[in-house]
Amino acid sequence: MSLSVAREPNCPHNHPNNHPNNHPHDRTRSLRRCVLALAVLCAAFVLFGSDPAPAEAHGGNFQPPPPPPPPPPPPPPPPPPPPNYKPGGGYVAPGLREPKDPTTPGPKTPTTPKIPDDPGGKPPTPGVPTPEFGTPTPPTTPETPPTQPTPPPAPPPSEGDTGPRAPATDPKTPTTPDPKTGAGSPPNGYQPSTGGGRTRGKTNAAAGGNTVESWQTWWRLHRWTYLPDRAEVLRRRAAQAGPVTGEDGPKRSETKAWEARRGMVSRSVAIPLLLRVLDPQTRSRQEALSAALIALAKVSGDPEHIELLMRYAQQRDGAPIVRESATLAVGLLRRSQAGLRFEAKDLDRARIDLDAILRDKKVPDRTRSFAALSLGMLADQPYAGPLGKDGLLVTRALWRHLEVQHAGEDLPVALMAAIGMQPPAGVPDGIREGLQSIVVGRRLFGRTWSDNLRSHALSARLRLGGQGWTHVMMRVLSDRRTPTAVRRAALLGLGARADDLSGEDRLMCAQAWGKAFKACRDPMSRGLAWIAVGRLLRAEMGAKRADVLFQTDLDERLLRAAEFGSVQERGFAALGLGIARSTATLTHKTVVPFRAEAERVLREGVSKRRGGDDLVAAYVVALGIARDRGAVSAIAATLEDRGRDPEMRGHAALALAQIGQPTARAMKAMQAALLDRRQIELRGQSALALGLIGGRRQAFVLGQQLKREGGSQYVRAYTAMALGRLGDLRNLPTIVGVAGNARMHDETRAIALAAVGLLCDPEETPSLSRLRHFANYPTRTPALNEALDIL
């Protein structure tokens, strides 16, 4: 699944010792040439660093290679004395505190409401669907769960336990990434790297590095929620260029004018290019086919293209990457605007074909998993028959597939994610109760469920919402026997659904949070708890309320954790503080001091360089989330400092793009970073930042960067994302030229095709973001991980 350039095999006749006309002098000259070539390669590596070879797949998806293993941890210090408790909050467990960290005040004990026990009972068996959706199978009656479940208590994790136990997977399922295919990601989650380049700045290995347990992984998956969307980028560009006048005479907004031009260039330029790539007579490589399928689904409005996608999805002799991409591309046919949606009858035919792929046991589980995810993404689209209203038949079909025990966890996780995306009105109560039974550890369908599957069942249950979901979430958080994977899913769900809570439920969740926090024994769970606090406070102040701040001490505890917390938690706490500060616009007497303290803590974290570069980068990202204009100078100074960690400088570039209106000095620093051949991560982040800022000059620079031959594929992927966010359709000829240039590498052409889909996608928020919103990323499976990383 790699797009790396293939090398010619070694030919024995090319070796000097095997040549028929070999001579001793020839051998000496050949040896000298080899030594000289080796010296040149070593010098080039020292001067320019190494470009990570990304494993590109599925529409321009790029996954940098995993980082080298961290150095062995130092011997644990002697246990410190119990912390002193003072009014103000900021509790840090003794085992997670560094010796140099100051002792912080302890928390006030919030009043935790008593959570009633979950009522037992047998979940109703879903009904049998009519033949209108696939071929019905006899329903399986779930086993009656015990009325008083007594799951065995989970043993407390050790001090170094930072994740759930490894799930029982199929022996055939790879557990380590294949360097050639990029498949087989570890079930516990994807571990992205820093993107290559030499790091001259100081890094903090104790903070977890860029692993699944670190704050960087959370930010990488959720950053599109906080980065400027395309409408904001267009508004920035309109502010620079003035109002736009359409052909019909009256002035229109930049967004409406862009939408009119998008439809025209998609029909005249983008779609013909993609169809040429997908034409079998063109004999395109599988990387280009994969990217073209994803892009076509994003930009097309023709029902005939649905049949084209399904033909590729049903090819049994095709490349796996092409078949998987075509299957997932069907889900990208969803449209938010009613005028752009496909007809219900065409979408129903696509759903039937996807269900046929799910039912075919000869199809690999990864392809079946993509079919399930596509059914989930199409859940909010029209249905033709009255029996299919609100996705009732689709939901029941997905649940039937979940009744069958599968060898690995790829397909069950995808099925649960798809059920969670269905319209709540079309999900029977029996399915909700069945998910809840899995969450609490009961036997269902005659078997027990692993901790990872229980966590994804909870994510699906929380996404569906409805009556009782807050009860399920708080019960999981408050029970000290809850497995780590399930508790993390509850914390992620609490943050994702904070805006949907009523004021009373928000206050109740905030009061129950203290008990849940005490049960978090590993740094990552505690970090996700601080993110949930930040989202709760943001939702509270966004609703023009201050009960959570007035009746609890969560704001004080979050401030102390971001300033004095353990090194493993401080990055998460800083992000939570930035999230809470991003909507602190109330004038309540409790909110104003919190806003001032949040600004002070985050600004001092950057200016005083609290912690290593890894932690300073978290403060920089938090300032960008908070849109703090008073921190522009400090962030710009971080970007300009060439002696600092290049990844932190890249975060500084993105933070400036979030805040908007960077100074001329900062713009010059970003453009210089884009051309720094030694810092791959910095160049990629700078390219994305330039795209988010908007403007004709930025569009021209990024267009030149994308078509530059011999450049980094990692930087090109970020440039493609930047061009898609920028929304400047004048770059489309440049992108099309790269995609059609036979001299370009295959991966470069694939990224250019992905850029076509990004640039012409009518969706303001990409459809794949529906997966990221409730992403239970600590327990991602290979298929879900692949879908989350698609451009």
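Helix H23 (residues 632-640) and helix H24 pack at an angle of about 145°, with their axes 8 Å apart. Helices here are DSSP runs of H or I with at least four residues, numbered from the N terminus. Axes are lines fitted to C-alpha atoms over the stretch in contact, and angles run from 0 to 180 degrees between N-to-C directions. The model is a predicted one, in which local features need pLDDT of at least 70 and side-chain atom pairs count only at pLDDT 80 or more, while totals for chains, interfaces and linings use all residues. Residues are numbered from 1 along each chain as its sequence is written, and side-chain values use heavy atoms, with hydrogens and water left out.

H23 passes H24 in a left-handed crossing; left-handed means that the near helix is turned anticlockwise from the far one by less than a right angle. Val632, Ile635, Ala636, Thr638 and Leu639 of H23 meet residues of H24, including Met648, Ala652 and Leu656. Contact means heavy atoms within 4.5 Å. The residues of this contact of H23 with H24 divide into ten nonpolar, one polar and one charged. Here Ala, Val, Leu, Ile, Met, Phe, Trp, Tyr, Cys and Pro count as nonpolar, Asp, Glu, Lys and Arg as charged, and the others, Gly among them, as polar.

H24 (residues 646-659) also meets helix H2 (residues 215-226): their axes come within 13 Å and cross at roughly 20°. That makes H2 roughly parallel to H24, a term for angles under 35 degrees. On the H2 side, Trp215, Gln216, Trp219, Arg223 and Tyr226 take part, and they meet Glu647, His651, Leu654 and Gln658 in H24. The residues of the contact of H2 with H24 divide into four nonpolar, three polar and two charged.

Gln658, in helix H24, counts as buried at 1% relative accessibility. Buried means under 20% relative accessible area, with a 1.4 Å probe and protein chains only. Not counting residues up to four places away in sequence, the residues that Gln658 touches include Trp219, Tyr226, Arg236 and Val621.

Helix H19 (residues 554-564) has nine of its eleven residues buried, so H19 is largely enclosed by the rest of the structure. Among the buried residues are Asp555, Arg557, Arg560 and Glu563. The helices that the buried residues of H19 pack against include H16 (503-518), H17 (523-542) and H22 (613-626).

Cys520 counts as buried at 2% relative accessibility, and Cys760 is buried with a relative accessible area of 0%. A search of the whole structure finds zero disulfides, a disulfide being a pair of cysteine sulfur atoms within 2.5 Å.

Terms used. Helix = DSSP H or I, 4+ residues; strand = E, 2+ residues; numbered from the N terminus. Parallel < 35°, antiparallel > 145°, perpendicular 65-115°, else oblique. Buried < 20%, exposed > 50% of the residue type's maximum accessible area, 1.4 Å probe, protein only.
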